[in-house]
Amino acid sequence: MENTIDNAYGGLVEADSDARWAFGTGFDDPLAGLDVAVQAGVDPAALAAYCLMLGDDALVMAQRLAGWATRAPELEEEVALANVALDLLGQTRLLYARAAAADPAVVPALPDGSPVPPEDRLAFFRDPDEFRCVWLVQPPHGDFADAVLRIAVFATWRLAVLEELRGSVDPVLAAVAEKGIKELRYHRDYASRWVVVLAGGTEHSRRCVEDAVGDLWPLLPELGMVDEVTAGLVATGVAADPQRTAERLHHELELLLEDAGLAAPTSHVEAHPAGRTGRWGVHTRWLAPLLEELQGLARAHPMGRW
């Protein structure tokens with residue numbers, strides 16, 4: 001009798017194809033179909049720098065979430081955390097591609113013939129002081145309560161940013177925002193539900209959430225700080241206003257803490273002074289080891305085809 005069962009693996013990699021699900025080759029242009037011309041009156045270098053800021057936030061947060069593989073309390077939560085990380089990686093790729101299209105000079109140079117596309121070069125071949133991610137995404141996650149609170153804070157803030165960017169004069173940023181908003185609403189709702197559940201659970205789970213609030217709140221003032229690049233792009237209608245999005249973040253966090261029966265810290269020391277934060281390339285001690293882990297394979301084989 002003839003075997004008619006399909007081979008589930010046979011079509012994953014064609015014998016004559018270079019396509020691989022890894023860095024190096026075989027990816028379509030992530031901005032295909034979009035007009036990547038920089039609008040008149042917009043500084044291409046500033047636009048690229050702003051896209052790198054948003055992309056770096058997402059990349060580092062995704063890498064932190066990847067550390068939960070095999071460590072989440074339940075398989076369902078492990079899958080949920082992995083999906084959040086994958087969504088953020090998708091946003092990263094679009095934002096890095098936009099940065100490279102706006103200002104090719106930001107893309108790290110590699111030997112001639114390297115197959116690594118621009119967005120991968122930006123992820124794997126920049127040093128820590130070239131990254132512009134906020135401190136919120138950099139520290140290792142402690143326990144599960146810390147992880148879900150961090151996701152809730154990050155997603156609420158980033159959602160406010162992307163909802164403003166939906167009206168950006170840069171059509172690529174507007175398109176990226178439109179796609180990312182749907183993802184971030186899920187991230188926010190998923191994590192916020194867990195914050196409320198843990199705060200209303202056992203004495204131990206509540207104490208874990210309270211400790212996470214105490215650890216994260218000193219990092220929040222940075223999210224409302226305005227650097228020169230962003231200020232210029234806000235004025236030209238490209239970027240979201242950090243002060244306005246931070247105000248919305250604090251309002252929504254007040255509602256979340258109220259639902260959880262928690263109080264925000266009434267006094268705390270800010271973790272960083274103005275001008276000495278991630279947007280200025282000043283980072284915590286945790287970023288360099290995280291990037292070393294993320295970038296090690298690519299840097300060891302810059303000409304690799306996978």
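# Close-up views of an all-helix model

Figure 1. In the lining of the second largest pocket, helix 6 holds the largest share, with five residues. The model shown here is predicted. The volume of the second largest pocket is about 290 Å³. Its lining counts 16 residues, and those closest to the centre are Pro-139, Pro-140, Arg-150, Asp-215 and Trp-286. Sorted by class, the lining of this pocket has eight nonpolar, six charged and two polar residues.

**Figure 2. The whole fold, for orientation.** The protein has nine helices and zero strands. Follow the sequence and the pattern reads α-α-α-α-α-α-α-α-α. There are 306 residues, and 49% of them are buried. Now take the contacts with a separation of 6 or more. Residues 24 or more positions apart account for 79% of these contacts.

**Figure 3. The largest nonpolar core.** This core has 93 residues. Which residues have the most contacts inside it? They are Tyr-50, Leu-88, Leu-165 and Trp-217. Eight elements are listed as giving two or more residues to this core: helix 1 (44–66), helix 2 (75–102), helix 3 (118–124), helix 4 (144–165), helix 5 (171–199), helix 6 (203–216), helix 8 (242–260) and helix 9 (287–300). Helix 4 gives the largest share of the core, 15 residues.

**Figure 4. Leu-165 and its contacts.** Leu-165 is among the residues with the most contacts inside the largest nonpolar core. What does Leu-165 touch, if residues up to four places away in sequence are not counted? Its partners are Tyr-50, Leu-54, Leu-173, Ala-174, Ala-177, Val-238, Ala-239 and Ala-240. Tyr-50, one of these partners, is also listed with the most contacts inside the core.

**Figure 5. The largest cavity.** The structure holds two cavities of 30 Å³ or more. The largest has a volume of about 130 Å³. It is lined by 14 residues. Nearest its centre lie Trp-157, Leu-223, Thr-230, Pro-242 and Arg-279. Helix 1, helix 4 and helix 8 are the elements that give two or more residues to this lining. The lining of the largest cavity divides into nine nonpolar, three charged and two polar residues.

**Figure 6. The second largest cavity.** About 30 Å³ of space lies in this cavity. Which residues line it? The lining is made of Leu-54, Asp-57, Trp-157, Arg-158, Val-161 and Leu-162. Helix 1 and helix 4 each supply at least two of the lining residues. Helix 4 gives the most, with four residues. The class count for the lining of the second largest cavity is four nonpolar, two charged and no polar residues. Two residues link this view to earlier ones. Trp-157 lines this cavity and also lies among the residues nearest the centre of the largest cavity. Leu-54 lines this cavity and touches Leu-165.

How values were computed
Residues numbered from 1 in each chain as written. Predicted model: local features only at pLDDT ≥ 70, side-chain atom pairs only at ≥ 80, totals over all residues. Heavy atoms only, no water. Buried < 20%, exposed > 50% of the residue type's maximum accessible area, 1.4 Å probe, protein only. Contact = heavy atoms within 4.5 Å. Core = buried A, V, L, I, M, F, W, Y, C linked by side-chain atoms within 4.5 Å. 1 Å grid on protein atoms, 1.4 Å probe; cavity = no way out; pocket = protein on both sides within 12 Å on 5 of 7 lines; lining within 4 Å. Points joined across faces, edges and corners; volume = space filled by probe spheres on them. Nonpolar A, V, L, I, M, F, W, Y, C, P; charged D, E, K, R; others polar.
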